[in-house]
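Colleague: I have not seen this one before. Can you walk me through how the chains meet?
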Amino acid sequence: MNPFQPTHSIAEAELHAYVDARLPLVRRQEIEDWLVTRPDEVARLESYRLQKRGLREMFDPILQEQVPHRLLSTARRRVPWYAQRLAAGLAVALISGGIGWSLHGGLPMESLAAISSSTSLAPISLASAAGFAQRAAIAHAVYSPDQRRPVEVDAAHEDQLVSWLSKRMGAPMKPPHLQTEGYSLEGGRLLPGGQGPVAQFMYQDAEGRKLTLYVSNEVADVESGEKNSAAAFKFTQQGSLKVFYWVDGPFGYAISADTDRDSLTRVAAEVHRQLTSVASTK
Amino acid sequence: MLDEQQLLTWVPRLRRYARALAYNRDDADDLVQDTLERAWAKAGLWQGVANMRNWLLMIMHNLHVDRHRRPGVQTVDMDDETPEVPVAPTQGDRLAVRDLESALNMLPIEQKEVLLLVALEDMAYAEIAHALSIPIGTVMSRLSRGRERLRALMEGSEITQRLKVVK
């Protein structure tokens, strides 16, 4: 028989609702009466019930499995990676320090330095952070001129990029959006750092000029046991390439671009603006 | 107000559905992870979510459809840390169940989704329509076609007999 034909006054959909026990009692009884003289239909509906039972048998054991750690930590996560440590300290700094953001003009370096020195940002030693910035600059120089394959996963697949890099870095990795500063996300890639994986996000402006954000979570290891009161925000220059970098807890960040220092500072301010807005919605 | 603890309680259910949708454990758990991340990204909406499970399943469905349409980037293949793990329980007298699995995997994804949401989550047809963003009539026709196709795939063999033993 054709299961899509309504059988007498009983619709195919109703037979499924009957199988799924979703009919009112009266209608259920009517269908049972109707089925009495239709053994083929009884057999068909019984096979549907067995399908349901079989599917439950097959997949219910998964409910008893131990949930992988990475899923538990993702379920618990509240704040994106770039805000994990910074947000609380920065919010406090903004209030207690009385420093206001200027979204239009960006921030002078002095303001950023003032903020950083009054937050809970982890201090870093100049030597190792400079090495970190150096690696970021090299990575920028190697990949940003690449016309054919500047990134491994492009921005059209941002979900997959985020999922992949988060998995490899062992921490949630969501690229900030920098359109307000004229940069659109092009994609990202995984790179070898000094001791483990490093994530590189690549952006470009309307003229195709590149900007990279380099994120490492190995800085804490480098710095372990070391206390240094140096300011957390740093700026360095290699030829025309400028690198703005800082360390926050286990993460080191470096923003590299062949642009002027003020633009780069504004991008850094924009990243911070995004993470403070995340913090304020919590 | 929904909170983190509630999100955690749904993880096993999300894993079950994801495993039934995807073909292996890694892909399924990646799908769950993406779903959780998306849920956090939209945490501002939680207050308006009437049914957390349905909302999460809707997110998962959208992500899954998205991946299905664009199989170009296989992030799992890039990760060499996670070995392949058998999907279904293989012990004892589960032969009929495994046959059901291979039949299930021969269904079009649209039919498979509806069948699974009915069987595993016991969702109302209207809830499924909402989660999959399709009319309820489409839910019913996919359910009907899916069940009939599954029956046809398994009919005539001894599998039907074995399934009765499972009962």
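Modeller: This is a predicted model. The axes of α1(A) and helix α7 of chain B, residues 136–154, come within 10 Å and cross at roughly 75 degrees.

Colleague: What does that make α1(A) relative to α7(B)?

Modeller: Roughly perpendicular, because angles of 65 to 115 degrees count as that.

Colleague: Which residues meet there, in α1(A) and α7(B)?

Modeller: From α1(A), E12(A), A13(A), H16(A) and V19(A). They meet M140(B), L143(B), S144(B) and R147(B) in α7(B).

Colleague: And how do the residues of that contact divide, nonpolar, polar and charged?

Modeller: The contact of α1(A) with α7(B) has 4 nonpolar, 2 polar and 2 charged residues.

Colleague: Zooming out, how much area do chain A and chain B bury between them?

Modeller: About 5,500 Å², with 59% of it on carbon and sulfur atoms.

Colleague: Which residues in chain A lose the most area to chain B?

Modeller: Q51(A), M58(A) and F59(A). Together they account for 11% of what the chain A side buries.

Colleague: Switching to charges. How many salt bridges are there between chain A and chain B?

Modeller: The count between the two chains is 9. Over all chains, the structure holds 28 salt bridges.

Colleague: Give me an example that involves E65(A).

Modeller: The side chain of E65(A) forms a salt bridge with that of R19(B), at 2.6 Å from N to O. This pair crosses between chains: R19(B) is in helix α1 of chain B, residues 4–21, while E65(A) is in the loop between α4 and α5 of chain A.

Colleague: What does K167(A) pair with?

Modeller: K167(A) meets D30(B) through their side chains, in a salt bridge of 3.4 Å, N to O.

Colleague: And polar contacts, how many residue pairs between chain A and chain B?

Modeller: There are 23 residue pairs in polar contact, counting those with both residues at pLDDT 80 or more.

Technical notes. Residues are numbered from 1 along each chain as its sequence is written. Chains are lettered from A and ligands numbered from 1 in the order in which they are written. This is a predicted model: local features need pLDDT of at least 70, side-chain atom pairs count only at pLDDT 80 or more; totals for chains, interfaces and linings use all residues. Side-chain values use heavy atoms; hydrogens and water are left out. Buried area is the accessible area (1.4 Å probe) that two parts lose on being put together, summed over both. A salt bridge is a side-chain nitrogen of Lys or Arg within 4 Å of a carboxyl oxygen of Asp or Glu. A polar contact is a pair of N or O atoms within 3.5 Å; within protein, one must be able to donate a hydrogen and the other to accept it, and residues adjacent in sequence count only if both atoms are side-chain atoms. Axes are lines fitted to C-alpha atoms, for helices over the stretch in contact, and angles run from 0 to 180 degrees between N-to-C directions. Helices (H or I, at least four residues) and strands (E, at least two) are DSSP runs, numbered from the N terminus. Angles under 35 degrees count as roughly parallel, over 145 as roughly antiparallel, 65 to 115 as roughly perpendicular and the rest as oblique. Contact means heavy atoms within 4.5 Å. Ala, Val, Leu, Ile, Met, Phe, Trp, Tyr, Cys and Pro count as nonpolar, Asp, Glu, Lys and Arg as charged, and the others, Gly among them, as polar.
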